[in-house]
Amino acid sequence: EGWYLGRQRWSPDGWEIIQPVAGPLAAPADGGLRLAAWDSLGTPMAPGPGARHLQITLRTPAEPIGARTPLPPLVLIGGVTLRGGHP
């Protein structure tokens, strides 16, 4: 269960099969994937053109309470600073 973050590459024969790179992740509504963005002055904004810094959060689902060894969700937070850009 859950969903995966994946990658897919184009070749002359067409698109490759999607390869999972992270997951299973919690549902997006439960914080499985979150993006936050800031402009060049550090003002929060919606992710999109003009963003100069992105924070990416990936979250796994928690193990069920009744599981043999219940685990809390795992969270990975990374940041990317973008330079340059188009008007």
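Ala22 lies in strand E4, which spans residues 19-25; helices (H or I, at least four residues) and strands (E, at least two) are DSSP runs, numbered from the N terminus. The model is predicted, so that local features need pLDDT of at least 70 and side-chain atom pairs count only at pLDDT 80 or more, while totals for chains, interfaces and linings use all residues. Residues are numbered from 1 along each chain as its sequence is written, and side-chain values use heavy atoms, with hydrogens and water left out.

Leaving aside residues up to four places away in sequence, Ala22 touches Tyr4, Leu5 and Leu58, where contact means heavy atoms within 4.5 Å.

Leu58 belongs to strand E7 and stands opposite Leu33. Strands E5 (residues 33-38) and E7 (residues 53-59) run antiparallel and are joined by six bridges; two strands pair if DSSP finds at least two bridges between them. An open sheet is formed by four strands in the order E6-E5-E7-E8, with antiparallel pairing. Strands E6 (44-45) and E8 (75-81) stand at the edges with a single partner strand each, so one side of each has no neighbour in the sheet.

Rings of Phe, Tyr and Trp (its six-membered ring) pair if their centres lie within 6.5 Å, and planes under 30 degrees apart count as stacked, over 60 as edge-to-face and the rest as tilted. Trp10 and Trp15 form an edge-to-face aromatic pair, at 5.4 Å centre to centre and 70 degrees between the planes. Both Trp10 and Trp15 are exposed (over 50% relative accessible area, with buried under 20% and partly exposed in between; 1.4 Å probe, protein chains only).
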